[in-house]
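Please have the sequence and the 3D view open together.

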Amino acid sequence: MNPDEFKASLGCRATGVSIVTSRHGDLVHGMTVSDFVSVSLEPPLVMVSASETANTLKSIRAGKCFALNILCAGQEGLANLFAVKGNEDLRFDGLETDKAVTGAPLIQGAKVNLDCTLVAEHVAGDHVLCIGQVEHVNIRDLEPLVYYKGKYRVFAS
């Protein structure tokens, strides 16, 4: 199996679209992720995976926090902005965010914001699994943004 086949096989699974954000001092970073994992209900834990080379991972490690911002229908442009490598300095320009309890940026208008404190990390291949304890949650009654077979989709009720 080659990496393209592996990627294509994973694309056959519908996922939500989220942006992981973090802050360390005045430095803010964020990246689009197609998935994260709920790990535990008690305590409330989630896990995100970040490339070893991602600037967002450096920020998560330094700031010991991250937020998962689950996107809603209509936020495809935001997902694309945070997915493009090399534009890290532009990602937050004009973006309205709130400061979470942990300090991580919460994207206004997202379907859900999960504010997390980093509690553990594990190296897995070329990525690092970041486990966060959820400190606070914001939930809005909006339709989710879904990603399936390389395209954004809207959840059909």
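The structure holds 2 aromatic pairs. Rings of Phe, Tyr and Trp (its six-membered ring) pair if their centres lie within 6.5 Å; planes under 30 degrees apart count as stacked, over 60 as edge-to-face and the rest as tilted. This is a predicted model: local features need pLDDT of at least 70, side-chain atom pairs count only at pLDDT 80 or more, and totals for chains, interfaces and linings use all residues. Residues are numbered from 1 along each chain as its sequence is written, and side-chain values use heavy atoms, leaving out hydrogens and water.

| Pair | Centre distance | Plane angle | Class |
|---|---|---|---|
| F82 and F92 | 5.2 Å | 90° | edge-to-face |
| Y147 and Y152 | 5.2 Å | 65° | edge-to-face |

F82 sits in helix α3 (residues 76-83), and F92 in the loop between α3 and β7 (97-99), so their pair ties together parts 10 residues apart in sequence. Helices (H or I, at least four residues) and strands (E, at least two) are DSSP runs, numbered from the N terminus.

Buried means under 20% relative accessible area, exposed over 50%, and partly exposed in between (1.4 Å probe, protein chains only). F82 is buried at 1%. F92 is buried at 16%. Y147 is partly exposed at 31%, and Y152 is partly exposed at 26%.

Now helix α2. Which residues of helix α2 (residues 55-63) are buried? They are T56, L57, S59 and I60. Seen down the axis of α2, these fall within an arc of 160°, so they line one face of the helix. The arc is that of the directions from the helix axis to the C-beta atoms. K64 follows α2, with a positive phi near 60°.
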